[in-house]
Amino acid sequence: MKTRFSTYDIICGVAELQKLVGLRVNQIYDIDNKTYLIRLQGTGVVQKITLLIESGIRFHTTRFEWPKNAAPSGFSMKLRKHLKNKRLEKISQLGVDRIVDFQFGSGDAAYHVLLELYDRGNLILTDFELTTLYILRPHTEGDNIRFAVREKYPVERAKHQDEEFRLDLLDDLMEKASPGENLRQILMPVLNCGPAVVEHVLVLHDLANRVMPKGNTSAAEEDAPEEVSKKVQNSKKQRKQRNLQNAKSEVKLFDMEKDLPTLKIAVQSALNLINDGNNGKSKGYIIQVKEEKPIENGKIEYFLRNIEFQPFLFAQFKEYEFAVFESFLEAVDEFYSTQESQKIDMKTLQQEREALKKLSNVKKDHAKRLEELNKVQDDDKKKAELITSNQSLVDNAIRAVQSAIASQLAWPDIHELVKEAQANGDVVASSIKQLKLEINHISLILSDPYDNQSEIESEDGNDCADSTVVDVDLALSAWANARRYYDLKRSAAQKEQKTVDASQKALKSAERKTQQTLKEVRTISNIVKARKVFWFEKFYWFISSENFLVIGGRDAQQNELIVKRYMRPKDIYVHAEIQGASSVVIRNSTGEDIPPKTLVEAGSMAISYSVAWDAKVITNSYWVTSEQVSKTAPTGEYLATGSFMIRGKKNFLPSCHLTMGLSLLFKLEDSFVSRHLGERKVRSIDDAPFENSVNQSDLTDMLSNETSEDLETRHAVSIPEEDRKNDNSDFPNTEVKIEHDTGRISVKPNSLNSEDQQSIAESLPNEPINEETLIIVAGPSRKKQQSNSKKNKDKARSSQPEIKLSENASLDAEPSSSSQMKRGQKGKLKKMKSKYKDQDDEEREIRMMILNSSGKLKAPISTSKVVEKPVIVNEAEKPEKNYNPKPKNQVELDETEDTPAGVDMDILNSLTGQPLEGDELLFAIPVVAPYQALQNYKFKVKLTPGTGKRGKAAKLALNIFAKEKTCNNRERDLLKSIKEESLARNIPGKVKVSAPQLQKMKK
């Protein structure tokens, strides 16, 4: 199978790409570390042309949408920096070598991209002087040539043809050729057009597999074909270049007188082909071979497998199937773009062949059994007939042995007695072949006495060819022995009949299983082909119960990517102040406010993908708008990858249980989407309440009232309580600080009462109250979280929660709950008041600093610590809805990569968790989401923190789904096409699976 461009392919490809000269570079992407896409656009041209280049393999224009890397590589960024908006000025081949030079820009502003298409390949970016700016594969050739940055690219190293090949030089070339050398090997270095063209002209002029003669003598000429043939077969290079046609053909000697004129004509036709390739008018051909599919209903189906792409239909491929394209690069694009589907088809074909092979083996096994049973019946019948025919001989042999045994002779003596009788020519003794006295049997050599031929042979003294050794039981007579063999024949016949009946059933069962296997294989193949990987599947994701797409990052890089690329102005950012919490974004496609239930579900997701899952800690998450998330660090600080600044108010969400669910979403065919509209919608007040018995109105009040306070420490949450209206001196404002990683709780008073705060607010009527910025630090990777979770468990168990109370500290409770104070709490408060009554504010602040705890910052008092105040955008300066402000240090992105809101809604509406009878389902997508978002889904299991591994949990969930009574055949087929790794990759960690009737299913 052809895998890379040849020299003639490069000639035709470069000539065809001349139409791109004059277009400008719009953007550059990378598919992998060797393959890059250059998007070109001309002035006034609406449609953009994409050029694909792969190091060492190919270059061509493409009309397919190739999957791009999530973040551009370093080489892509370098190409973007130097080539963006540059004009493609020139495309050329360096000499006759497999190196293509793409020149962008002109003069001193020119840049060259050199693509090497031999060996391991290379891609080099150089300036106008061919000094290397960036190289994909730095290496050294020999002692003097270095391919590295700031080294000049050695253009003179490329192979050049000084003068055009002349036919009159062919005579000298053939005379200088070494004996036994193949004609194709002689012509390839001088023609510089690749092996396919040389093979084509040789086959066309009946010169294929010609080798140079060894000598001039006749004896040498006779010996030459064998030696040359052996040399050709042992040549490694020849084995690589040899195709099926050459393998079948015989090696012939090249005759200088007869074959040289024909060779000159062949070389001239090769030169003409090279000139035609330089004109850029080559068509494209994909050479195909027929693969026979399994036979059904007596019909033979064929599958066409692509093996090569060519710019010309060469003579060696005339007998093959082929597909024709308007241009060579179109054929190359089609060849490489269908490679994946061809691999799937070949895998399906192989599985079908294996299934049919198993069926064929079953049939052969049953046929072999029946043949053996028939043979046993024939043998038993023949033995019984021989005993009957030789009845007197058998009885005499039995009586003779019995009499010897009755005489109490030893067994060795009986053997000697039989041998003596045989030596004396006794007929009865001569018929005895072997004595099996241990089982009371003797073996007799019997033949048909009525066969004339056997009588003649016996008279001549030769053994009868039809004689048979028959075992005879000494305890039975000849007739009884014959009856025994007839009984054995009858039982074998009965066994044969049973085998035939059973084999018919077994064959029908095997055929049914084979047909089922073939059907499943083809169905899964079609599902895999139809399976479209959506852009959000590379993240943690789910669809909320109100039809909002929620995505979260798996690591720091994905957190960075989500906020920079996929978060839009109306989106909501959700996070939790606990180690390893994912950055979660709710994609707001409607432009309206996000409902509370979706916020709670997103918060549950942020907490579940953190150390809280393994530590089984319940904590709070919060949400902010996209405008509050910034990558701009405070002065003198640095934000690492995945870390962001949160400015302004944080809206805390209520605590939720660590309960996730594993379910399936089914992709609907477009005509069935309308049947499922409104499945996931915003719930009204009349709808059912949330889980955990939280009403929507209560939740809305809770979300609006619970706001964050200023923090300086990380992974800490400050929750303010309402001020007491009656007695502020006894119950001042307090701050409760929870450190989730250690379990420590600190309660600290606020030195300002409500009257002081009111006076401060009145004194600053026009200045907005600024919240202190909070830095969200990117959590460690999943492996680090799991390794650290064990340490955190031991710490949490060993350390008891400590309560530190400072001056005038008390629990700030509402008036309705003041009467429910615990016993002994009033006494403690009195002791505290007496203990800290002489402590002033300065001393308290010093003590708090020693304890590494942050108290309330006093608004009117200016301290030496400088707190950065975020810039608040006025209403008049706010951007429009369709404008997405670009944060600093953002990776440069193309505007076409952001998925429009309408596309989001179309995708979400086409996915359903509640398939109806009669729906046409294309494929199934596993989804891990908060369990409350999966309440109405058809297939679901509950996941809670446990000890089970993710892979086993995924297998168990698939078995549960497949055994559902309501699961139809199409849904089972879709379940079989799901890979276990895709099912398990979004499960948070070690889990416990819960589902109805789970224990029965395990049994």
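**Salt bridges and surroundings**

Mentor: Asp471 and Lys436 form a salt bridge, with their closest N and O atoms 3.0 Å apart. A salt bridge here is a side-chain nitrogen of Lys or Arg within 4 Å of a carboxyl oxygen of Asp or Glu. The pair links distant parts of the chain, 35 residues apart: Asp471 is in strand S19 (residues 468–473) and Lys436 in strand S17 (residues 432–436). Helices (H or I, at least four residues) and strands (E, at least two) are DSSP runs, numbered from the N terminus.

Trainee: Before we go on, what kind of model is this?

Mentor: This is a predicted model: local features need pLDDT of at least 70, side-chain atom pairs count only at pLDDT 80 or more, and totals for chains, interfaces and linings use all residues. Residues are numbered from 1 along each chain as its sequence is written, and side-chain values use heavy atoms, leaving out hydrogens and water.

Trainee: Okay. Is Lys436 buried or exposed?

Mentor: Lys436 is buried, because its relative accessible area is 18%. Buried means under 20% relative accessible area, exposed over 50%, and partly exposed in between (1.4 Å probe, protein chains only). Asp471, at 23%, is partly exposed.

Trainee: And what is His441 in contact with?

Mentor: Leaving aside neighbours within four places in sequence, His441 touches both Lys436 and Asp471, along with Leu435, Val472, Asp473, Leu474 and Arg484. Contact means heavy atoms within 4.5 Å. His441 itself is found in strand S18 (residues 441–446), and it counts as buried because its relative accessibility is 14%.

Trainee: How many salt bridges does the count come to?

Mentor: The count comes to 18. One of them joins the side chains of Arg184 and Glu199 at 2.6 Å, N to O. Arg184 lies in helix H4 (residues 183–191) and Glu199 in helix H5 (residues 195–204), so the pair ties together parts that are 15 residues apart in sequence. Arg184 and Glu199 are both buried.
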